[in-house]
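Here are some notes to read alongside the model.

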Amino acid sequence: MSWHPQYRSSKFRHVYGKAASKDKCYDCVPITRSVHDNHFCAVNPSFIAVVTECAGGGAFFVIPIKQTGKLDPHYPKVCGHKGNVLDIKWNPFNDFVIASCSEDATVKIWDIPNQLLKKNITTPKKELIGHARRVGLIEWHPTAENILFSSGYDYKIMIWNLDIPGAVLSKPVKILDVHKDVVLSMSFNTDGSLLATACKDRKIRVIDPRAGTILQEASYKSHRANKVLFLGNMKKLFSTGTSWWNNRQIALWDQNDLSVPLLEEDLDGSSGLLFPFYDSDTHMLYVVGKGDGNIRYYEISPEKPYLSYLTEYRSHLPQKGIGMMPKRGLDVAACEIFRFYKLIPAKGLIEPISMIVPRRSESYQEDIYPLTAAAQPALTAQQWLIGVNKGPLLVSLKPGSEAAKSLPQLLDPEPLVKAADLSQQEGEGGRTSLEDKEKPREIKDSRKRLKSEETSQINEEMCFSNGFDIFDCPPPKTENELLHMYFRQQEEIRRLRALLNQRDVQIKQMQLELRNISMDTADK
């Protein structure tokens, strides 16, 4: 019988939650009292948006992120909806564009001015009219520009291309009519080629959004899912819901087989919803309870036990909703790896909570801040619609670092996307650096060197430390592929240099040992 250690080594084992001081909170905010199960809060490095109470329609506040303290009771609102606002989401590639959906069955796109609001905003940039009943969820595509998904109580998910001209759009580019009840949650995989949904019929589905087909469907009855989340490139899904006995429950699934969960765990007997958040950079998973003040966090691993509980942030103030700051808005000097914005309607308070890795050094900690998604799209809307897949552009969070220094990374191909058009393979797989677009002179020089190296070394076997063999794949045809190959080779050169240095040290040690032995024999 093998022995498994009770504790596992992890640099995130001592992560702790730190609530902001009162002067850094947002006070006197009339937060919505809607019973709809959504976040009601959206955050980016420039603004925080929160749904509010409003007579005669729906509205939300847009507050500059640095304007903390008490909110003016006459602060302007964004108030163009005729019904209650149910969901708001910032454009991931434009900090001044926000989408909202409402009980009036519309989705509206708003331009937010780059200064303090002085009057109410009532005219949207675009209005999307297509749903027959109220719209409960909206999601921006993670890598393609101006692609928006909306889900309504008509059981349909609509895909909108906001590049289409016109102030009012009434025809979505695609309608996904594969659900038999209300969709409760939507989540994209890293490159946006797959969509996972949790439905009121308690089933989890993995959908190819462009083909409109269901690739996987969970019919596991002992877990009734409310929220579902793609876990980055782990090829796994995470869901929160309830068990047969109405206990709050979490479950982990293989995205290629939803018949039985890989892991299932009851948390407690509370009735509030559980909101999951995943940080693909640190592989940390946060579970936030609605109606209580707890935030549990876990670490995800590709092998068993898959889910490792770290600890829990506790507070006596219950949260109604929660917002999340993108990674590019975090304070790296304080080793902050995640930040929540907690909505407390009883006190009219929005309280930031920072998740911090305790470190003594004040320098930039590269091991906890890998390259992260940039605020620039990897694809145009039209490219994605015709079948191209691309991971997000990557940037470094290091202060003063240039975007061009980001290292391209390759994603594993998604095995589920088999029914999709073959044209998807054109841009498949990769997280691409911003350097791909800038094309400095060094790239051209490296391209020439690569071509000469390929001709001179065509018969030699070159196998990299990460298992990548250049002969297992066709020769690079595009600039991006050449860049991927070039950076892989640079990594291999660095690894070989480190090995040579180790060998030199070992040789010197052996020489010293031989000298000592020869001296000992001479003395005898």
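1. Start with Phe40, which is buried at a relative accessible area of 1% (buried is under 20%, exposed over 50%, partly exposed in between, with a 1.4 Å probe and protein chains only). Phe40 has a positive phi of about 60 degrees, although it is not a glycine. You'll find Phe40 in the loop between β2 and β3; strands here are DSSP runs of E with at least two residues, helices are runs of H or I with at least four, and both are numbered from the N terminus.

2. Before going on, a word on what you're looking at: this is a predicted model, where local features need pLDDT of at least 70 and side-chain atom pairs count only at pLDDT 80 or more, while totals for chains, interfaces and linings use all residues. Residues are numbered from 1 along each chain as its sequence is written, and side-chain values use heavy atoms, with hydrogens and water left out.

3. Thr32 sits in that loop too, between β2 (26-27) and β3. Thr32 counts as buried because its relative accessibility is 4%. A polar atom of the Thr32 side chain lies 3.1 Å from the backbone nitrogen of Ser34. Leaving aside neighbours within four places in sequence, Thr32 is in contact with Phe40, Val51, Thr52, Glu53 and Lys320 (contact means heavy atoms within 4.5 Å).

4. Tyr155 also has a positive phi, of about 70 degrees, and is not a glycine. Tyr155 belongs to the loop between β13 (147-152) and β14 (157-161). Is Tyr155 buried or partly exposed? Tyr155 is partly exposed, with a relative accessible area of 30%.

5. One more backbone item: the peptide bond joining Lys304 and Pro305 is cis, with omega about 10 degrees. Pro305 is in the loop between β27 and β28 (307-313). In strand β27 (residues 295-300) you'll find Glu299, which counts as buried because its relative accessibility is 11%. The Glu299 side chain makes a polar contact of 2.5 Å with the side chain of Ser10. (A polar contact is a pair of N or O atoms within 3.5 Å; within protein, one must be able to donate a hydrogen and the other to accept it, and residues adjacent in sequence count only if both atoms are side-chain atoms.)

6. Now the overall picture. The protein has 4 helices and 35 strands, and 52% of its 524 residues count as buried. Among contacts between residues at least 6 apart in sequence, 54% join residues at least 24 apart.

7. Which residues touch the most other members of the largest nonpolar core? They are Ile48, Phe60, Val62, Ile112, Tyr341 and Ile350, out of 33 residues in that core. (A nonpolar core is a set of buried Ala, Val, Leu, Ile, Met, Phe, Trp, Tyr and Cys residues joined through side-chain atoms within 4.5 Å.) At least two residues of this core come from each of β3 (41-43), β4 (47-52), β5 (58-64), β8 (85-90) and β30 (336-344). The biggest giver is β4, with 5 residues. Outside its four-place sequence neighbourhood, Tyr341 is in contact with residues including Tyr26, Cys41, Ile48, Ile322 and Pro352. A second, separate core of 25 residues includes Val15, Leu273, Val332 and Cys335.

8. On charges, the count is 21 salt bridges (a side-chain nitrogen of Lys or Arg within 4 Å of a carboxyl oxygen of Asp or Glu). Asp87 pairs with Lys89, their closest N and O atoms 3.3 Å apart, and Asp87 and Lys89 are both buried. Arg495 bridges to Glu492 at 2.8 Å, N to O; both lie in helix α4 (residues 479-523), 3 residues apart, about one turn of the helix. Arg495 is partly exposed at 32%, whereas Glu492 counts as buried at 10% relative accessibility. Elsewhere, salt bridges with shared partners join Asp201, Lys203, Arg205 and Glu217 into one network. Arg205 counts as buried at 2% relative accessibility, while Asp201 is partly exposed at 25%.
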